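Hello,

Here is the structure I promised to pass on to you. Please open it alongside this message, and my notes on it follow below.

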Amino acid sequence: MTRDKETDRALDVARSALGEPVPADLAARATKAVLAEAQLVERVLGVARETHAAPVPAGVAERAARAALTAPVPTPGWWRVALPIAWRAAVGVNFVGASVLAWVLVRGDGPREHAPRSAVDNLVDAETSAVLSRALGLDAEVSR
Amino acid sequence: MLAMAPEPDAADLAARMRDGDARAFEGWVRETHVLVYRLCRRLVANASDAEDAVQETYLRAWRSAARLRDPAAHRGWVCRIARHVCADRARGSATREPALDPDAIAAGMRALAADAPGADEALANAQARAVVVAAVGRLKPKHRIVLLLREVDDLEYEEIADALGVPRGTVESRLHRARAELARVLERYRVAAERRTP
């Protein structure tokens with residue numbers, strides 16, 4: 001919105017608030033201001049068409065095509081070969097790492113399976129309990 | 001009566017260029033060079049740099065033609081290459097239009113406002129042109145390029161969208177904002193000119 005339009009609107013509001021009649025030519029002046037602004041922009045764009053004109057030079061397409069087709073093809077550097085290999089290796093390592101991590105997580109979530117106790121385990125447990133009981137004097141307490 | 005073979009369109013040429021057809025490449029360059037040149041001209045400092053940028057663009061396009069996935073989208077593809085080329089060239093060489101002094105602004109605005117130029121028409125034109133260059137130079141770059149491609153270079157909305165890699169709706173809204181911004185700049189100039197007028 002231009003300054004004129006803002007001013008007109010502010011005047012309109014102020015006059016309405018004070019109870020004064022709105023000037024009859026308010027709309028006409030606002031319209032004139034808007035049209036003048038639009039005309040000025042169009043005039044400026046008309047001048048810009050001259051000041052900023054950028055005609056395409058003759059023969060630019062032929063020169064560009066010839067330059068592209070006759071330019072020597074650059075020999076690929078060592079990195080051109082090494083980079084894809086390194087990239088694929090990094091992807092492989094990442095994949096293996098992620099797979100191991102996923103396997104560990106899945107294994108960790110499931111119920112742990114205990115191996116069946118052997119007779120030797122039971123015997124060791126019984127012996128250990130007896131030794132501990134004797135050491136702590138629990139067997140005497142029980143027998144008393 | 002000889003049946004004339006239909007001219008291949010740019011997408012056909014792009015598809016054949018992708019397969020390594022040098023003649024198709026030449027035809028494709030002829031079809032697209034106006035858009036590419038205009039885009040480059042708006043992104044680099046002068047006409048000479050723009051032509052260099054066009055050559056570099058087509059060199060890169062030819063070398064990477066095999067990577068063109070969709071021949072129908074060849075215009076956006078080559079404009080993307082052109083934008084990269086111009087960004088490489090323009091890096092570190094950004095220039096701003098020099099600011100005009102208030103007297104020059106006042107004289108230019110008077111020349112623009114005059115319906116019929118006076119006796120010294122050449123001077124009035126020069127003053128008006130200076131103000132226009134300054135006003136356009138004050139626009140945001142993303143607004144300025146849309147305004148110039150549309151209003152000066154007369155490109156279609158779709159072409160501008162391809163050139164800049166944005167949707168058509170964005171082009172329309174940027175153009176609208178560019179005109180509004182230009183009007184605001186001119187309004188500031190008008191106020192400054194009124195203050196200078198005795």
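Chain B has 9 helices and 0 strands, so following the definition of helices and strands used here, the pattern read along its sequence is α-α-α-α-α-α-α-α-α. Please keep in mind that this is a predicted model.

The chain has 198 residues, and 43% of them are buried. Among its contacts with a separation of 6 or more, 65% are between residues 24 or more positions apart. The accessible surface of chain B is about 10,900 Å², and carbon and sulfur atoms account for 49% of that.

Which helix gives the most to the positive patch? That is helix 9 of chain B (residues 168-196), with 3 residues. B:Arg177 is found in this helix 9. Is B:Arg177 buried, partly exposed or exposed? Its relative accessible area is 48%, so B:Arg177 is partly exposed, because that class lies between the cut-offs of 20% and 50%.

Chain A has a surface patch too, and this one is nonpolar: A:Phe95, A:Val96, A:Val100, A:Trp103 and A:Val104 form it. Together these residues have about 550 Å² of accessible area. One of them, A:Val96, lies in helix 4 of chain A, which covers residues 78-109.

Happy browsing, and best wishes

Methods: Residues are numbered from 1 along each chain as its sequence is written. Chains are lettered from A and ligands numbered from 1 in the order in which they are written. This is a predicted model: local features need pLDDT of at least 70, side-chain atom pairs count only at pLDDT 80 or more; totals for chains, interfaces and linings use all residues. Side-chain values use heavy atoms; hydrogens and water are left out. Helices (H or I, at least four residues) and strands (E, at least two) are DSSP runs, numbered from the N terminus. Buried means under 20% relative accessible area, exposed over 50%, partly exposed in between (1.4 Å probe, protein chains only). Contact means heavy atoms within 4.5 Å. Accessible areas come from the Shrake-Rupley method with a 1.4 Å probe; for residues, only the protein chains shown count as cover. Patches are made of residues with over 30% relative accessible area and no salt bridge: like charges are joined within 9 Å, nonpolar side chains (Val, Leu, Ile, Met, Phe, Trp, Tyr) within 5 Å. A salt bridge is a side-chain nitrogen of Lys or Arg within 4 Å of a carboxyl oxygen of Asp or Glu.
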